[in-house]
Amino acid sequence: MVGSIGNFVVTRVRGLGDYALFVAQSVASALATRRLPSRIARAIYEQGFRCMPVILIVGLFTGLVLGLQGYHVLNRFGSEGLLGALVSLSLVREMAPVLAAIMLVGQAGSALAAELGIQRNSEQIAALETMGVSSHGYLVAPRLIASLVSYPMQTALFVVVGLWGGSLSGSLLLGVDPGVYWSSVERAVKEADVRECFIKALTFGLLTISICAYQGFHAHRVRGSTGARAVSAATTKAVVLSCIAVLAADYVITSFLV
Amino acid sequence: MSATTTTTQASRHGSAPSGAPILHVEDLHKSFGPRTVLRGVGFSVARGSVFTVLGPSGAGKSVLLKCLANIEEPDTGKISFDGRVMDFRRKDARAEFHRRCSFLFQGNALFDSLTALENVALPLEQTTALSRSEIRKRSLDALKQLELEDHEDHYPSMLSGGMQKRLALARAIVTRPEMVFFDEPTAGLDPLRRNAVFAMIAKYQKVFGFTALIVTHDVPEALEASSVVALLYQGGICFCGTPAEFSASDHPVVASFRDSSDALRATLAAVRRGEEVISDEEP
């Protein structure tokens with residue numbers, strides 16, 4: 001019993017160390033990678049532009065629901081005028097960074113894990129190494145750097161669309177004055193809230209992309225599976241671990257910044 | 001088989017390659033958990049030669065090649081390249097080795113999201129400071145030399161198996177390496193394509209002058225195309241010599257490997273005669 005607990009702990013600690021080394025190696029090898037800007041631009045396109053529809057849709061519906069729920073709760077206390085504050089603070093502080101990150105994990109993160117897993121299986125990663133090209137620098141570093149750009153931008157977009165969704169349900173459908181709604185938004189959101197939002201977006205971006213890249217890159221190490229099954233297992237693990245990491249990091253960051 | 005035995009046997013066959021060896025391997029061991037794959041492998045490869053490692057499936061040929069190309073790390077042993085013992089833990093040694101050697105994978109390992117031209121240009125883009133126009137020129141030259149100039153914009157999935165093999169070779173030679181490692185270049189190909197691949201290796205080896213180290217289990221083709229053949233059996237080199245010496249060898253493992261088609265012919269004749277056939281080995 002004690003032995004198996006010990007084994008479990010040692011395996012997890014070793015895994016964390018391996019993950020930390022992977023991230024450090026990727027960041028360090030970025031400096032030696034040639035034509036990095038073009039690869040970063042491509043990664044921003046994949047993680048940012050291609051994920052825009054899902055961010056727009058989820059952001060809009062989140063805003064709509066917040067407006068709807070918020071109106072009925074505030075209506076009980078006769079405080080419908082605070083609807084803008086409720087929607088904006090919920091979005092900026094929590095919902096936009098967390099939901100945008102989870103959506104991006106589902107779209108860009110899973111695709112990254114699967115792509116790297118297939119590249120590992122078909123020896124493309126080994127081929128890079130035999131050419132003297134750092135696979136960390138060529139495949140992982142651009143994605144990590146791109147996440148620092150694309151995640152905050154997607155989160156900001158999520159906030160804007162969400163606020164507009166809240167206004168749509170609150171003002172257009174439920175009759176809150178649009179001027180009251182938007183002035184409430186303006187008064188409620190402070191610089192610290194926006195800073196918290198971007199700190200979370202940056203952290204979640206780095207965390208999720210590095211976890212997904214790590215899982216895909218090491219798809220050949222998946223126990224009990226090989227080939228396509230190993231890629232599938234690595235992708236599933238990447239998505240699950242990324243979502244857990246986002247929620248756990250959200251709690252830690254909030255507890256420091258609140 | 002130990003390295004000493006290997007060297008002794010190679011000398012007895014008079015197969016010591018002329019000139020200084022470009023690659024010298026000594027007492028290489030590799031295990032995966034409890035399974036030992038390589039047990040003291042040793043041989044030398046002469047510069048400009050075509051050196052083929054033969055062996056049955058599962059003998060450890062691909063593992064040997066991956067150890068030599070620094071894809072796998074051997075447990076013990078010494079690999080010398082151009083007279084210098086390689087310490088792959090050193091970044092500069094790794095970089096120099098990869099600059100001077102290329103590797104052609106069994107499954108080609110082409111980048112499926114890149115076009116033929118981008119695949120060939122990749123090693124130049126990432127490892128040299130050449131200008132974009134120079135990279136494009138050299139990549140197009142390599143494609144032309146491999147008769148793929150009409151397919152520069154095609155993705156690997158749009159090319160036939162033979163073309164993919166040539167594209168992989170174009171990518172391997174575009175950096176003008178001194179040595180190219182070929183991992184089972186004819187695996188899964190029909191006899192005509194096998195011949196074509198060996199002819200391609202022989203042709204381009206002559207054109208570009210690189211040293212080729214091939215692992216395969218295609219005996220007749222290897223004997224035709226190679227300067228030296230070695231036989232890997234149960235993790236050790238049990239024969240190393242010229243194709244003529246291989247054909248004349250009375251070494252039991254060499255004989256059984258070389259004459260496998262004769263054995264099959266005899267077995268089939270016995271089956272046709274209605275005789276009971278006892279197989280030595282399960283397939």
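This is a predicted model: local features need pLDDT of at least 70, side-chain atom pairs count only at pLDDT 80 or more; totals for chains, interfaces and linings use all residues.
User: What makes A:G63 buried or exposed?

Analyst: A residue is called buried if 20 or more other C-beta atoms lie within 10 Å of its own. A:G63 has 29 such atoms within 10 Å, so A:G63 is buried. A:G63 sits in helix α3 (residues 52-76) of chain A.

User: Which residues is A:G63 in contact with, leaving aside its neighbours within four places in sequence?

Analyst: The contacts of A:G63 are A:V87, A:V161, A:G162, A:L163, A:W164, A:G165 and A:G166. The cut-off for contact is C-beta atoms within 7 Å. A:L82 lies 19 residues from A:G63 along the chain, and their C-alpha atoms are separated by 15 Å.

User: How do you know whether B:P123 is buried or exposed?

Analyst: The count for B:P123 is 25 other C-beta atoms within 10 Å. The threshold for buried is 20 or more, and therefore B:P123 counts as buried. B:P123 belongs to helix α4 (residues 116-127) of chain B.

User: What does B:P123 touch, not counting residues up to four places away in sequence?

Analyst: B:P123 touches A:M131 and A:V133 of chain A, together with B:R171, B:V174 and B:T175 of chain B. By contrast, B:S226 is 103 residues from B:P123 in sequence and 28 Å away in space, C-alpha to C-alpha.

User: Why are the buried residues of helix α7 (residues 178-188) of chain A said to line one face?

Analyst: The buried residues of α7(A) are A:Y181, A:S184 and A:V185. Viewed down the helix axis they fall within an arc of 100°, so they line one face of the helix. An α-helix has 3.6 residues a turn, so residues three or four places apart point the same way. The face turned away from the buried side carries the exposed residues A:G179, A:E186 and A:R187. The buried residues of α7(A) pack against α4 (83-121) and α6 (135-173) of chain A.

User: How do you know that the length of helix α6 (residues 161-173) of chain B agrees with its number of residues?

Analyst: At 1.5 Å a residue, its 13 residues should span 18 Å, and the end C-alpha atoms are 19 Å apart, which agrees. The buried residues of α6(B) include B:K165, B:R166 and B:L167. Their cover includes β6, α4, α5 (132-145), β7 and α7 of chain B.

User: What makes strand β7 (residues 179-183) of chain B mostly covered?

Analyst: Five of its five residues are buried. Both faces of β7(B) are covered, with B:M179, B:F181 and B:D183 on one side and B:V180 and B:F182 on the other.

User: Why is strand β8 (residues 211-216) of chain B called largely enclosed?

Analyst: Six of the six residues of β8(B) are buried, so β8(B) is largely enclosed by the rest of the structure. B:T211, B:L213 and B:V215 point one way, while B:A212, B:I214 and B:T216 point the other way.

User: How do you know that β7(B) and β8(B) pair?

Analyst: Pairing needs at least two bridges. β7(B) and β8(B) have five, in the parallel sense, and therefore they count as paired. B:V180 stands opposite B:A212 in β8(B). Together with helix α7 (residues 191-208) of chain B, the two strands make a right-handed β-α-β unit.

User: Which strands join β7(B) and β8(B) in the parallel sense?

Analyst: Strand β6 (residues 101-104) of chain B runs parallel to β7(B), with four bridges between them. There B:C101 stands opposite B:M179. Strand β3 (residues 50-54) of chain B pairs with β8(B) over five bridges, also parallel. In β8(B), B:T216 is the bridge partner of B:L54.

Technical notes:
Residues are numbered from 1 along each chain as its sequence is written. Chains are lettered from A and ligands numbered from 1 in the order in which they are written. A residue is buried if 20 or more other C-beta atoms lie within 10 Å of its own, exposed if 12 or fewer, and partly exposed in between; C-beta atoms are placed from the backbone. A crossover is right-handed if, with the strands pointing away from the viewer, the path from the first strand over the helix to the second runs clockwise. The arc is that of the directions from the helix axis to the C-beta atoms. Two residues are in contact if their C-beta atoms, placed from the backbone, lie within 7 Å. The expected span of a helix is 1.5 Å times one less than its number of residues.
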